[in-house]
Each structure stands twice: as C-alpha cells, then as structure tokens.
Amino acid sequence: MQYKSASDYLPHRTPMIMINKVHLVDDKQCICSVEVSKNGILSPFLTKDDQLPNFYAIELMAQTIGVWNGYHGSKKKHSPQLGMLLGGRAIKTTVPAFALNSELMITANLVLFDSKLANFDCDICINQQCVASGKLNVYEPDHNEFDQLFGLQRLKG
C-alpha cells in the first residue's frame, strides 16, 4: 500500500516533524522510519558529532503513534489531532546516540485502545537490531479539554 508522508498524518510543523517515511499502518501497528543525516529532518537535533542523542527515541516513538492516529483519522476525513504523551514505562536504549547515516525503523504496536486513551509497545531498530524500546501511554484530548488545560479558561480560573 502507498502511504503519504508522515507529515500528512501529524499536526506538527517543521522543524518538529522527526519522521518522514510511513511503511505500514493497520489496526494494531504502525511502522515509520527516518535517516540520521546532516541534511535531513533530524539535522536541527544532531550533536556537534553529528549524532542524534538517544533521548529523542521517546519522541520518535510518540510521533509514530501520532502517524497511526492521524492515518486512522484521515480515513474518517478528520485532520490530524494533537495528542499528549502521558508517560512511558520500561524505556531502554542500548546506544548513547543514533549514529550518522543510520536508518531508524520505528514500530508502534497497539496494546490497549479506549476511545481517547491508548498504550503502545514501541521499538526502534537499526539494521534489524533493536536499539530502543518502551511502552508509551498516550491521550487525545478534545478541544474543550485542551482549552481547559492551555486556553483562556485556565487563565481565568
């Protein structure tokens, strides 16, 4: 199946889009990728040694979940929605940074989905070897909830 670019499924704008290719989306899984390169979308986040610090793994996993959600929303003619990362468990990395010219394959497997709340088991692989993994809990607030958290109602109250 042919997919659009990850940016079409995410509410983010450059430079905060950190993945670009969508390889698979189905009811239970999403697989995306990005290359660590000096001229690529990750270039603003590289260290002086041209590596991507491993703590970006959580955002890469979260954006892959966002692509999953955005893809399913697009099938219902919905625009990409903002989501919230509530937390993560068992976040592990085996490398201190992702090396220049490595292709990061990010997989998010749905564990639990209940309307607005979801849990995904995620991993990042380089050359078919897992270098990061974790379980992420995410929530999609509606417009009223966002307004209460960040909008005028919060300031009044």
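Predicted model: local features only at pLDDT ≥ 70, side-chain atom pairs only at ≥ 80, totals over all residues.
Colleague: Why does Lys38 count as exposed?

Modeller: Its relative accessibility is 52%, and exposed means over 50% (buried is under 20%, partly exposed in between; 1.4 Å probe, protein chains only). Residues are numbered from 1 along each chain as its sequence is written, and side-chain values use heavy atoms, leaving out hydrogens and water.

Colleague: And what makes Asp50 and Lys38 a salt bridge?

Modeller: Their side chains come to 3.4 Å, N to O, and the rule asks for a Lys or Arg side-chain nitrogen within 4 Å of an Asp or Glu carboxyl oxygen. So the pair qualifies. Both sit in the loop between E2 and E3 (52-53), so the bridge ties together parts 12 residues apart in sequence. Strands here are DSSP runs of at least two residues, helices (H or I) of at least four, numbered from the N terminus.

Colleague: Is Asp50 buried, partly exposed or exposed?

Modeller: Partly exposed, because its relative accessibility is 23%.

Colleague: How do you know that Glu145 and Lys116 form a salt bridge?

Modeller: The closest N and O atoms are 3.0 Å apart, which meets that cut-off. The pair links Glu145 in helix H2 (residues 143-150) with Lys116 in the loop between E6 and E7, 29 residues away.

Colleague: What about Lys135 and Asp121?

Modeller: At 3.5 Å between the closest N and O atoms, they pass too. Lys135 is in strand E8 and Asp121 in strand E7, 14 residues apart.
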